[in-house]
Amino acid sequence: MAIIEVKGLSYSYPESAVPTLINVDLKVEQCEFVLMSGPSGCGKTTFCRCLNGLIPASYGGTFDGTVTVDGLSTTEHPVYEISQRVGLVFQNPENELFCTSVEREVAFGLENLALPRQEIRSRVEEALSLVGISQLKEKSPEELSGGEQQKVAIAALLAMKPKVLVLDEPTANLDPMSANSILKILVRLHRESGVTIVLVEHRLEMSAPYADRCVIFEEGRVVLNGSPQEVLYSEKANSLGIGIPQVVQVAKSLSARCGFEGRPLSSKALAEMILGAKG
Amino acid sequence: MITFKDVSYSYTPGAYALQNISLIIGDGELVAVLGENGAGKTTLVKHINGLLKPQSGSVIVGDTDTKKSTVANLARRVGLVFQNPDHQLFAETVEKELSFAMVNFGMPPEEVTKRVNWALEEFELAKYKEKPPFLLSGGERKRLALASVLSYDPQTIILDEPTTGQDDRQKTRMANLFKQLNSDGKTIIVVTHDMEFVANFIPRVILISKGKVLAEGPTEEILTQKEYLERASLLPPQLVDLSWKLSLSKPSISFEKVTSEALRMLEESRR
């Protein structure tokens with residue numbers, strides 16, 4: 001069953017002459033890991049805001065088409081209702097953290113749902129341990145590194161037990177090691193708890209090997225939608241300027257020069273194919 | 001030329017952020033400063049425009065000892081672009097943001113207009129000229145911050161993580177601009193974690209770890225050393241990683257070299 005269903009979505013921000021999204025159709029199945037990418041300014045962030053109803057509720061503008069999340073239309077149900085199903089993580093965690101301790105930060109959303117104290121406590125513990133930051137619970141988010149702050153933001157959403165996590169370039173401001181550790185957490189959450197993940201990311205070489213599907217936006221439209229292999233090895237992907245991973249480029253060059261048939265997404269996979277051929 | 005002579009600095013007594021750093025960055029160099037979080041990269045570059053003064057040793061920019069100069073003075077020659085554009089942008093419109101420093105430096109108005117127009121075109125920001133910077137996307141704000149420093153034409157440009165949030169096309173554009181400025185004789189220092197960007201576009205690397213210079217030299221030489229990368233908590237560029245996984249005798253950052261090695265291995269196995 002599709003957990004997210006977007007039909008004919010077009011959207012323009014108030015006072016903007018040009019639409020940011022144009023006739024977008026997209027289905028995301030439950031438990032899918034969907035990687036979204038595209039040149040900057042292509043509408044990725046705007047699309048994320050549509051998924052939890054922030055658009056149009058908080059932004060206004062001209063909204064056409066429908067976005068349905070877990071059976072609820074985002075224009076017919078308030079953001080607080082949608083946001084219990086879809087958690088949105090932004091690029092810059094500094095902009096969303098505001099409590100004096102990590103524990104309070106993670107508890108904040110639950111307190112707003114007026115859950116019983118014991119339930120809040122156990123959900124906070126669980127969320128902190130899922131992202132591996134239980135030891136930070138007494139700390140102030142301010143004193144944490146960017147990577148740790150992003151983990152707090154993710155834990156705060158997990159505590160709400162959303163069915164879908166939407167992450168808008170969560171690692172853009174992080175060093176590669178921290179970025180990698182955030183990605184590993186997402187992969188583990190996806191495998192273990194079956195949460196549906198929509199990840200917006202420029203660094204395809206890092207994230208594509210884990211995705212079930214890859215969706216590329218260009219100028220407000222979905223221009224590619226398929227398995228990471230189909231998308232990254234397509235002719236079209238080359239012309240978009242989205243940073244085709246070098247491993248893919250090496251494999252394509254090998255295919256042109258000696259008929260190599262593999263479609264690896266990681267250097268590990270490519271090396272195994274080459275060394276495997278050696279026998 | 002920028003010279004660090006035995007520079008040490010600590011924010012809290014007893015814990016060095018920089019320890020006995022000596023290095024030279026020549027005029028017209030394009031160099032990357034790499035290192036783990038907290039390695040001292042930002043502390044290092046803040047010494048170049050005088051935001052920080054060495055507690056021991058000295059930093060000489062051109063013929064000026066930074067201890068004997070002011071940030072205002074050094075800023076004309078050394079432009080620093082911060083990692084987070086929101087720490088830098090403040091003007092009401094993109095155009096005002098771009099002209100601010102130049103107006104302050106007392107440049108003639110026609111020169112200011114000329115340079116603002118150059119920056120609007122070069123960074124694909126022309127359509128936002130009259131817009132407030134905060135309405136721009138993250139990637140666009142980043143380019144604006146860079147443009148506002150480049151437009152006043154300092155001799156040395158320091159960029160702290162310029163590629164974050166930029167797509168591939170913008171990165172390539174940025175790299176081409178760096179190369180062009182570089183061939184005009186500008187010194188460009190890029191603090192970054194973006195290993196692919198360094199491998200593809202930057203010829204020299206200074207690797208910092210725990211407040212010390214761990215290694216410096218040509219990019220390929222440094223980035224193919226597993227030990228260095230591990231000590232500085234850096235991930236290898238994809239081609240280096242592939243070189244290692246194929247056990248190549250000469251790991252490389254060159255697409256052509258790695259691909260032909262892979263080709264050779266495939267052809268051998270078919271024989």
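These entries record what I looked up in a predicted model.

**Conventions.** I number residues from 1 along each chain as its sequence is written, and I letter chains from A and number ligands from 1 in the order in which they are written. For this predicted model, local features need pLDDT of at least 70, side-chain atom pairs count only at pLDDT 80 or more, totals for chains, interfaces and linings use all residues, and side-chain values use heavy atoms, with hydrogens and water left out.

**Entry 1: a sheet in chain A.** I looked up the open sheet of four strands, whose order is β2-β1-β4-β5 in chain A, with antiparallel pairing. Strands are DSSP runs of E of at least two residues, helices runs of H or I of at least four, numbered from the N terminus; two strands pair if DSSP finds at least two bridges between them. β2 (21-29) and β5 (72-73) of chain A stand at the edges with a single partner strand each, so one side of each has no neighbour in the sheet. Strand β4 (residues 62-69) of chain A is joined to β5(A) by two bridges, and T68(A) has S73(A) as its bridge partner.

**Entry 2: aromatic residues in chain A.** I counted rings of Phe, Tyr and Trp (its six-membered ring) as paired if their centres lie within 6.5 Å; planes under 30 degrees apart are stacked, over 60 edge-to-face, and the rest tilted. The count is eleven aromatic pairs over all chains. F47(A) and F217(A) form a tilted pair, at 5.2 Å centre to centre and 50 degrees between the planes. F47(A) lies in helix α1 of chain A and F217(A) in strand β9 (residues 213-218) of chain A, so the pair ties together parts that are 170 residues apart in sequence. Buried means under 20% relative accessible area, exposed over 50%, and partly exposed in between (1.4 Å probe, protein chains only). F47(A) is buried at 1%, and F217(A) is buried at 0%. I also noted one aromatic cluster formed by Y11(A), Y13(A), Y59(A) and F63(A).

**Entry 3: strand β9 of chain B.** I found six of the six residues of β9 (residues 204-209) of chain B buried. R204(B), I206(B) and I208(B) point one way, while V205(B), L207(B) and S209(B) point the other way. Strand β3 (residues 30-35) of chain B pairs with β9(B) in the parallel sense over five bridges, and L34(B) stands opposite L207(B). With strand β10 (residues 212-218) of chain B, β9(B) pairs in the antiparallel sense over six bridges. β9(B) and β10(B) form a hairpin with two residues between them, and K210(B) in the turn has a positive phi of about 50 degrees.
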